[in-house]
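Reader: I would like to learn how to read a model with several chains. Where do we begin?

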Amino acid sequence: MLAQVLFSGLALGSIYGLVALGFTVVFKATEVFNFAQGMLAVCGAYFAVTAISVFHWPFGVAIVFMAVAAAVLGVLIHILLIQPLAGRSMLAVIMVTIALSIVLRAVIEILYGPQGRSLVTPLPSGVITLGGLRISELHLTAALVSWACMALFAAFFRFTSVGLLMRATADGHEAAVASGVNVNAMNRLAWAIGSLLAAIGGLFLGQLQIVSTDLESIGLLALPAVVIGGLQSIPGAIVGGLLVGLIEQLSASYISPKSTDIVIYALLLLILLVRPWGLFGQRELGRV
Amino acid sequence: MNNFKTNKAAFVATRLAVAAFAAALGLSGAAARAQEAPDDGVYKDHIDWGILMDLSGPTSSSQGPWVTGFRDYIRKVNEAGGINGRKVNVLAEDNRFNAAADKIAFEKLVSQTPVIAISGMGTSASQVALAPEIKSGTVPIVGTYTPTKALSEPVSPMVYNGFCGYKQMAQAGVGFYVDQLKLKAPKVMTVAIETAGGRDFANFIADAATKAGGTASAVTMKVTAVDVTAQVQEIMAQKPDFISIYGIENTSILTMKTLAQYGLAIPAFGITYLGTPSVYQALGPQAGANYTFISCFTPGGSDQSPGNVEMSAYADKAGHSALKENVNYVSGWVSGQMAAQALTMTGADASRAKLIETLAPGFTVDTKGLSAPIVYTKDDHTGPKVLKMFGYDYGANKFKAFGEYSDYEKYTK
Amino acid sequence: MVDALYSKPRIAAPPAPARNRLWRLLGWALALAFLVYLPNVLAHRAAFGVRLTNTELLNLGLTQINLMLIAMLGALSLNYLTGCAGLISIGHAAFYATGAMTAAIVGTQWGWPFPLALAAAAVTGALAGVVAGLPSLRVRGLYFVLSTLAVHHVIVFVFLEYQFRFFDVVGVPFEAPLLGSYELNTPTRWYFFLLPLVAVVYWALRNSLNTREGRAMRAMRDHELAAAAAGVNVRILRLKAFAFSSAIASMAGALLAYFMSNVTSEAFGLDFAIQFIAMIIIGGLGSLGGSLVGAAIWLLLPSILSGLAPQGGDASGWMGALLVDHKPQLVQAIFGLLIILLLIFAPGGVAGLGQKLKALFSSRGAR
């Protein structure tokens, strides 16, 4: 049924949008295309598993732990890996994020073993029936939480002074430094936010299926979302994520399940050829 | 002037360092050379046995436990004094599910760190690529983790399968449900990931369904899928009597959870590899109630047969109690039994050729209840052929079996 | 701002005195002798009659060396594209897949002889390269990298469909290749076929860089607008670089297919593409010799590391658990860390380090 497909597309798309948003925040601030974003989502899921299944903390405490751990991880990554490579070529930075995902994956597998872990949370797992539609409560929760996070961060960037400073720093690096802004602190904050957003996405994904390092592939789906929406645009990331989720579900239902990758990447190619700055991005001016 | 002196010093220093390293390497070798350097892994006090599995790649979550099971059994044997006066040393090579790495690792086990035999070989593509080399080579494969046509047909004295095949899984699974649900014209659906093995399995299910007078169809999904709404909608439209699942753990989890979401109480069975505790834990009692799996090995702790008790006790002692309920661990343990039996049969004067010669006429592995007796004859190296259906008892927190292995023999004659 | 990642322009050295030339010739002769004797050593695990242990041979085998040689072709061609022409691409696995598919069609299905299959693979590779390079006419930098990612997915999807449609489920098979009547069916024979091939490709690429077009390419890499202003036809040049580079990669893909005798689409995943980028970064962008070293390090170092760690059978405790149960993960982690350290502290890669060492030893310091 079309409505069912649309709904699950929007629900999943919200999770993609969350991961894509984390991606965009990092890119806007530090111009780093973070290939390890998927792995950060996995780390978030494992933080949750540690807090819940290993330390046996109550759910609320576990969530706070996960958020703090993810933020700290993001800051550490910036200090240890991104800052030393400031000013280097794009290829070097891409490679360092790829190497980071290799190291993170290996460390997680050493600590937890390659088997998946199930995430036991009090998140609702039942079904709501609306007319002919059967809506999974988990999907609904994931969508609502994602929307709440996105709205929260949009408000943060628009209305708080810190958010304003971050946007200013992203738009004009030298001007920010000249104005006395602590650019490093701003960048670290961006990475902390990016990691946190990825972690929340990872939490929901882990709840939908099982927590394992295979969840990393979510990062690869966030990539087209970010590009389609516009690499430097925050609303773009959200819309891009929703679009990718919808297209994925629609092509799975009406074409065939294995066609989803090719449809999304063909669309990506098309956008790159026709409107490379994405739906919401701004055309970049080349300066000599 | 100073530059010249420091340059010369640096020059000499590096040359000396290189020479020292080479000398150290040579000296270390000298000590090893003082021992014998056999070509087939048989030393005075130990025998090397090789394993080729995916220890860190995409399928490591199921292949890792297999290796642990194998190692545990061999460790038990070594603790009891070894075989014919020698300890068995397991050399496990990681192929990361990559055919090129497999080729390298195979060469390593054949000629670099030679072993008397190899077990495992968990990557089908590598089995196909290496098949000619294996069949015309000197190292036998005793106990594969997954059977492929290229390696198993025609029957070769160099290859012994150690895991049930997809054909047997399909036959036993369909047979069980047809009898259980008393179906005259069963309608079966297969949910499979879009891979070679998935297609194979769907075909086997179709064959078994047709033989039972029914029909079959299949839906596929991506390995990395996060949602199966489309597939479940197809299931809703077709209304099968029961479902078979082929894939990775996520395939089962997503399918059963979505089926439960839609209120569909269709019984489903997964292939052996999908019968792990983590799948049942992730499903929970609601979604897991209708989920079973067909297996030629019995999960640890689910019955009191002597083999099961022995294995569970050792696993607990070795700190692997979490793994003993995993069929992959059990399979590894049984393959360890097979390896130990092969070595015992070969005798003290062991060599690759002697091992092959000893196994050729056929032998039987009695796992004392962990599986049906595994019979190898001169013309049949299929390995475990009898499978039974298992489910999970959430109340007692352990696996439960539907009947005995002997009840299922008729499905996979 | 000149990025330290690219090699510095070299000033021609003054002609060496006769005595130095003799030493250099001797060095080359020794290296050649070593390369020729190597397969013998690795196959028989003995040098000059003295048996060598696995550790002494650095845990290496001839299959590994052959796979390294095939990977060197990929590293060379990618460095040509990225380091010398300035086009960053993660689509290299797709060109390998193109070559494998072409070889499957003309070799396995149509029965063409091996050399013709290689040539056909080069041609289709060049065509695929031009198609992959077309987006570069419209987008630059990061967007172009993403377009290569999209191209990668498309091509691998086509290979997957091809594999399922025409061949058995477990992969596309290849017969042992025949060079005339000489069959390449042992690792040693493959070695003596691949080694000169790699040398030829290396010389070809190096010579091409010293031509007018080669210099124009490097100018394009360093500052595109300036190059265009100086009269370089940047668009055509980019497509040519892509065509040349992908032709080589495609040929390497065909070689890989024949060597493995069975390939599946999984062999050409994103990991495969990324490893080439790792190789050229380790070796040093822009240095062809560096790519050879980078390929060697990337493919051989994990085995060497793995061999140096003890093959503990009964080790207990957390150290034992780490080394035995998780050795492959440990090797991966160390590897990733090495790459990170290299990127932070040695931006020029091995080539950069090599230049620094040379500067340390040369008498040019004493002026």
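Reader: How many helices and strands does chain B have?

Author: Helices (H or I, at least four residues) and strands (E, at least two) are DSSP runs, numbered from the N terminus. Chain B has 13 helices and 14 strands. The model is predicted: local features need pLDDT of at least 70, side-chain atom pairs count only at pLDDT 80 or more, and totals for chains, interfaces and linings use all residues. Residues are numbered from 1 along each chain as its sequence is written, with chains lettered from A and ligands numbered from 1 in the order in which they are written.

Reader: What box do the C-alpha atoms of chain B fill?

Author: Roughly 90 × 60 × 40 Å, along the principal axes.

Reader: What percentage of chain B counts as buried?

Author: Buried means 20 or more other C-beta atoms within 10 Å of a residue's own, with C-beta atoms placed from the backbone. In chain B, that is 58% of 413 residues. In chain C, it is 49% of 367 residues.

Reader: How many helices and strands has chain C?

Author: Chain C has 14 helices and six strands.

Reader: How many residues of chain A are in contact with chain C?

Author: A contact needs two C-beta atoms, placed from the backbone, within 7 Å. By that rule, 30 residues of chain A touch 35 of chain C. On the chain A side, α4 (90–112) and α11 (260–274) each give two or more residues. The largest share, 13 residues, comes from α4(A).

Note on methods. Buried ≥ 20, exposed ≤ 12 C-beta atoms within 10 Å, placed from the backbone.
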